[in-house]
Amino acid sequence: MTSPDPVPGYTHDDPGLAPSPVSAADLKLLKASVLFGPADQQALRTAGEVLSGQIEQVLDVWYGFVGSHPHLLAYFSTPDGTPIDDYLARVRARFGHWIIDTCTRPYDERWLAYQHEIALRHTDVKKNLTDAADSVPLIPLRHIIAFVYPITATIRPFLAAGGHDDEQVDAMFQAWFKAVTLQVALWSQPYAGRAW
């Protein structure tokens, strides 16, 4: 018997997860487009070790950013603009898993399937379903793309807190930037359709 999922809605390892429409060959080309290689995988593994004890602090920064911008907080609020605390908390728990997954999971077909699930949960296909939230129906793609910068820029101080030298910190930072860009490119697929 499988133990209950400690993070509601976190389904990376769910065998019933639908496969991604993005092929392994497409992923390989995308990785080449962002110059992501074996050295980046190693740097991300180190980043995962550094970040593992700082997840809540990272999330505090990111949630502070979202909370200080009403146009972003609106996507975690009711249609009349009231923030939904339970929804924010549930998404936060999955966001913490996403940080570690970005650094430690193999970028394989299972990972691709969960990236597609994450993407759909931002669109009008699946947003709000996982958490039964009474929120707005989608997050516009423009904000997902724009979020690459704060999610990247704010991670560097946390990477630097691990006692590594500047060259190692920069390698972790660049690998993180590439990995986030790669994932946002994947998340754009359901928005773009055939244009993807």
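**The second largest cavity**

In this predicted model, the residues H12, W98, D101, W111, Y114, Q115 and I118 form the lining of the second largest cavity. The volume of this second largest cavity is about 30 Å³, and its lining, when sorted by class, is made up of 4 nonpolar, 2 polar and 1 charged residues.

Of the elements involved, α6 gives the most, supplying 4 residues to the lining of the second largest cavity.

**The largest cavity**

The count of cavities of 30 Å³ or more comes to 2, and the largest cavity has a volume of about 680 Å³. Its lining is formed by 33 residues, and those that lie nearest the centre of the largest cavity are F76, V91, F95, H122 and I139.

Several elements give two or more residues to the lining of the largest cavity, namely α3 (55–67), α5 (85–104), α6 (109–120), α7 (141–146) and α10 (166–187). The element that gives the most to this lining is α5, with 8 residues. Sorted by class, the lining of the largest cavity holds 21 nonpolar, 6 polar and 6 charged residues.

**The two linings together**

Which element gives the most to the lining of the largest cavity, and which gives the most to that of the second largest cavity? For the largest cavity the element is α5, whereas for the second largest cavity the element is α6.

Notes:
Residues are numbered from 1 along each chain as its sequence is written. This is a predicted model: local features need pLDDT of at least 70, side-chain atom pairs count only at pLDDT 80 or more; totals for chains, interfaces and linings use all residues. Side-chain values use heavy atoms; hydrogens and water are left out. On a 1 Å grid over the protein atoms alone, a cavity is a set of points where a 1.4 Å probe fits but cannot get out, and a pocket is an open set with protein on both sides within 12 Å along at least five of seven lines; lining residues have an atom within 4 Å of a point. Grid points are joined across faces, edges and corners, and a volume is the space filled by probe spheres set on the points. Ala, Val, Leu, Ile, Met, Phe, Trp, Tyr, Cys and Pro count as nonpolar, Asp, Glu, Lys and Arg as charged, and the others, Gly among them, as polar.
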